[in-house]
Every structure is written in C-alpha cells, then in structure tokens.
Amino acid sequence: NLLLKYIHIIMNKDIFLSNSMGNKKEKFVPINEKNVRMYVCGPTVYDNPHIGNARPIVIFDILFKVLKCRYGKNFVTYVRNITDIDDKIIKSSKEKNIPISELTKKITKIFHDDCKYLKCEEPTHEPKATDNIDLMIEMINNLLQKGFAYESDKHIYFKVKKFKDYGKLSNKNLEDLIAGARVNISDNKKNPEDFVLWKPSNENEPFWISPWGKGRPGWHLECSVMSKRFLGDTFDIHGGGRDLIFPHHENEIAQSVCANDSKNFANYWIHNGFITISKEKMAKSQGNILKISDFKNNYNGQVLRLALLSSHYRQPLDWNNKLMEDCYKTIDKWYSCYVKINKKVLIEEDDLLPLYEDLNTPSYISILHKLYDKAKEGNLENKEKFVAACNFIGLLTETQEQWLSSKKIKIKLSEKEILLKISERNKARDNKNYELADKIREELLDKGILIEDKDGKTTWKIK
C-alpha cells in the first residue's frame with residue numbers, strides 16, 4: 001500500500017465535498033471518525049467496461065486515499081458491489097449464447113484486470129448481488145409488512161407516493177421526474193412511478209425461491225441490501241455516476257429509509273460527470289463506445305488514469321486523442337525524475353490541499369508540475385517529494401524500467417521495419433528528396449519512434 005508505506009503526511013485539515021443532496025459543497029463530518037464508511041455502485045457485469053465506467057473507479061479510488069490519509073487506513077471502509085443478476089446480463093447472455101454464470105465470471109475478471117491496469121486499490125469489500133438474495137427477500141418482507149410495498153401478479157412493487165421525500169436527491173417533484181425519465185409501464189403497477197422490488201423469472205432464466213414464487217430481485221434493491229450489510233442503516237458517503245441519481249439512487253433512498261426506519265440513508269452523495277467523445281455523448285447508438293481494453297495495447301494504465309483525473313470529477317470530460325497523447329508525454333517526462341523511495345517522505349500540507357477541497361485533481365496536477373520543475377534540477381530530496389506526491393494519486397507507481405518496457409506497446413513497427421524505414425529515409429536524403437525524408441520521420445514519430453541524426457549516423461529510440 002503506497003499510500004502510507006513511504007509517505008509521511010501531517011494533515012488534519014477539513015475535507016470538503018460537493019453533496020448532490022442539496023447540491024452544495026459541504027464540510028465532511030463523518031458519523032464516526034473511527035469508522036468512516038463509503039459505498040460506490042459497481043459494475044453490472046454484462047459487457048466489457050468502458051471509459052465511462054473507468055471514471056468513477058478512479059475518482060472514488062482517489063477519495064478512498066484521501067479519507068485514509070485524513071482518518072487512518074484502518075478506519076475507512078470502502079464497499080463497491082458487483083451486480084451479477086440483471087435484465088442486461090440476461091439479454092447479453094442470450095445474445096452471446098453463453099451461460100449467465102460464464103458471462104458474469106468472465107466480465108468480472110475483465111473488470112478486476114481493468115482496475116489493476118488503472119492502478120486502483122481494491123475496495124475493503126466487494127459483495128456480489130447473487131450472494132445476498134436472502135437479505136433482499138428479508139428487506140422486501142419488511143417493506144410489505146410496513147405497508148410500503150405491495151404484491152401484484154407475483155411482482156412486488158414499492159409504493160413511491162408513500163415516501164414523502166421522493167425526489168429530494170434530484171431536487172425535482174415526482175411529476176417532473178416521471179415526465180423526464182423512462183418509467184417502466186406495467187399493468188401490474190398501481191401507479192406508474194412505482195418500481196419493482198421482486199419479479200418472477202421467465203423460463204430458462206435464473207431464479208431464487210421466495211414467498212412470491214420463483215424470481216429475482218430488482219436492481220435498485222441490490223445496493224440497498226449490500227450497503228446495509230457492510231455499512232449499516234446509515235453511512236457517510238454514497239457515490240456513483242451522475243446518471244444514477246434518478247431513478248437508481250432515488251429508489252435506494254426510498255426503500256432503505258422506509259425499511260430501516262432511519263432519517264437518512266447516506267449523508268453525502270457524490271456523483272461524477274459524464275464522458276463525451278469529441279463533444280458527443282458516448283453511446284452504443286453513436287458507435288463511439290471506448291472500452292478500457294481498447295487502450296491496453298497502446299498505453300500504460302497510468303496514462304489513462306492521468307487523463308481521467310485531468311478534469312474536475314463533477315464536470316464533463318471530453319475524450320480525444322490529444323488528451324491521451326498529452327497525458328502520455330506528461331508521464332514520460334515525469335519519469336525522467338523517477339527515484340525509488342525506500343524511506344518515509346513528507347508530502348507538504350499545502351500540496352495536498354486541492355484534494356481536500358472537493359477532490360480538485362486538476363489543481364493537484366498543477367502542483368505536481370511545479371514539484372517536477374524543482375525535481376529536474378537534480379536534488380534527490382526534491383525528486384523524492386515529487387515521486388511521493390505522484391504516488392499519492394496512483395502515478396509513478398512503477399519503476400522507470402517498467403515504464404520504459406511498457407512504452408514498447410506504443411510501437412506499431414518491428415525493429416526490422418524501423419530499420420527499413422530509416423534506410424528509405426537515408427536514400428531520400430542522399431537524393432535530396434527532403435520532403436520524403438521528413439514524411440518518413442513523421443510516420444515513425446506517429447508510431448512512437450524518434451530518430452536522431454548525429455555524426456553521420458541515424459539512431460532510433462522509443463518516443
């Protein structure tokens with residue numbers, strides 16, 4: 001754990017976070033400083049994760065580090081679930097013609113590999129929905145007994161109008177929410193806004209035995225149950241993408257508060273903004289979905305991580321090739337000052353302040369650039385401070401040799417092809433065809449190869 005092994009921090013400043021409940025920045029005050037608790041909605045494992053999924057993975061990894069820095073690594077619990085039963089999973093299983101268990105196992109492994117690629121720490125707990133079905137049935141029974149739910153044709157629905165604070169998170173009334181969102185229409189519902197807690201399984205679909213017959217839970221219920229199991233009725237922080245505010249998080253609040261007889265479900269709601277692709281929304285219909293795995297043959301995971309941190313988490317992040325290349329060049333430049341740290345290194349309090357101010361990663365990255373400028377002057381202590389500050393947000397966590405080795409993934413040519421191109425360029429120069437020579441140089445540069453002419457010889461290296 002790089003966070004505290006070689007990093008020394010004296011930091012008792014307050015943390016401020018933008019709370020979507022009320023839509024304002026607030027001082028973070030945990031329920032119990034010796035038991036700080038955070039739940040983040042994890043993946044629905046039906047397809048390879050994309051960069052939209054990558055953003056909350058990295059953002060809440062940073063928040064996890066900041067919380068551990070402030071309260072101590074043994075006093076913070078981070079839960080991120082795996083949704084391994086859902087309509088999307090069933091549909092994907094049928095389309096791919098593979099069993100659901102095989103699909104969810106495969107995608108879960110890919111997700112874990114992607115997290116490692118992005119240099120993220122493991123959460124404290126990572127429960128799977130299918131391991132908590134009994135607790136879900138228990139919560140549904142609780143809601144039925146209290147009159148917050150009803151049965152209709154083997155479906156169980158939550159009575160939304162029974163919860164007076166519905167819509168408080170998204171700051172909209174019920175009518176506006178229904179008008180502006182896709183609400184599942186069903187003849188089984190008493191009211192269109194009611195949402196499903198349990199549904200019967202169709203033939204050849206996964207099912208569990210319940211008092212209402214063979215069936216499976218609704219998506220919203222899963223997170224309510226898993227957060228309760230590991231964090232209690234009320235906890236500190238609930239996180240996820242902005243797209244989850246309605247209906248997912250609104251529904252979580254409603255069923256949890258009613259089932260648990262609690263005033264609050266989570267005290268702070270943290271949501272990250274969307275990712276666009278060259279100013280357009282990322283969507284299957286647009287054909288512009290970028291999977292995390294798409295980057296693995298071209299970039300070290302640290303490059304993708306820096307790109308995801310380059311914009312404030314609450315703001316939209318526009319994705320383009322220039323962003324990735326700029327982040328690649330930055331990491332490559334920073335590695336010129338890499339040193340292996342084998343002792344405690346102090347990170348200055350002022351340098352960490354941006355992360356305590358609503359996870360302001362762009363400002364923190366600006367500080368890293370300043371620390372690099374000091375480090376490149378050659379002073380070992382400055383280099384250690386720079387590397388420690390990078391390590392804190394999951395950067396420069398590999399050795400320089402590992403980074404140089406990973407740079408080879410950017411090369412699109414074999415050594416034989418590179419030497420052939422250099423030979424063609426030399427012939428062009430001999431024939432005074434400097435336009436062609438320059439063109440070949442640029443072609444090699446685009447493929448990650450930098451050529452240098454010195455003392456009548458041409459050499460090459462990885463850019």
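Predicted model: local features only at pLDDT ≥ 70, side-chain atom pairs only at ≥ 80, totals over all residues.
**Notes on the sheet, the rings and the core**

1. Zooming in on one pairing: strand E7 (residues 155-158) runs antiparallel to strand E8 (residues 195-200), over 3 bridges. Within it, isoleucine 156 sits opposite tryptophan 198 of E8.

2. Now the rings. The count of aromatic pairs comes to 18. Take phenylalanine 148 and phenylalanine 158: their ring centres are 6.4 Å apart and their planes are at 5°, so this pair is stacked. Phenylalanine 148 is in the loop between helix H5 (133-145) and E6, while phenylalanine 158 is in strand E7, 10 residues apart.

3. Phenylalanine 148 counts as buried at 16% relative accessibility, because the cut-off is under 20%. Phenylalanine 158 is buried too, at 0%. Over the ring of phenylalanine 148 sits the charged end of lysine 162, 5.3 Å from the ring centre.

4. On to the core. The largest nonpolar core has 129 residues, and Phe158 is one of the members touching the most others, along with Leu67, Leu304, Trp319, Trp334, Phe386 and Phe392. Helix H2 (residues 51-71) contributes the most, with 13 residues.

5. Leucine 304 has contacts including Ile51, Tyr117, Phe295 and Trp319.

Notes
Residues numbered from 1 in each chain as written. Heavy atoms only, no water. Core = buried A, V, L, I, M, F, W, Y, C linked by side-chain atoms within 4.5 Å. Buried < 20%, exposed > 50% of the residue type's maximum accessible area, 1.4 Å probe, protein only. Helix = DSSP H or I, 4+ residues; strand = E, 2+ residues; numbered from the N terminus. Contact = heavy atoms within 4.5 Å. Pairing = 2+ DSSP bridges. Phe/Tyr/Trp six-rings, centres within 6.5 Å; stacked < 30°, edge-to-face > 60°. Lys NZ or Arg CZ within 6 Å of the ring centre and 35° of its normal. Lists of a residue's contacts leave out its neighbours within four places in sequence.
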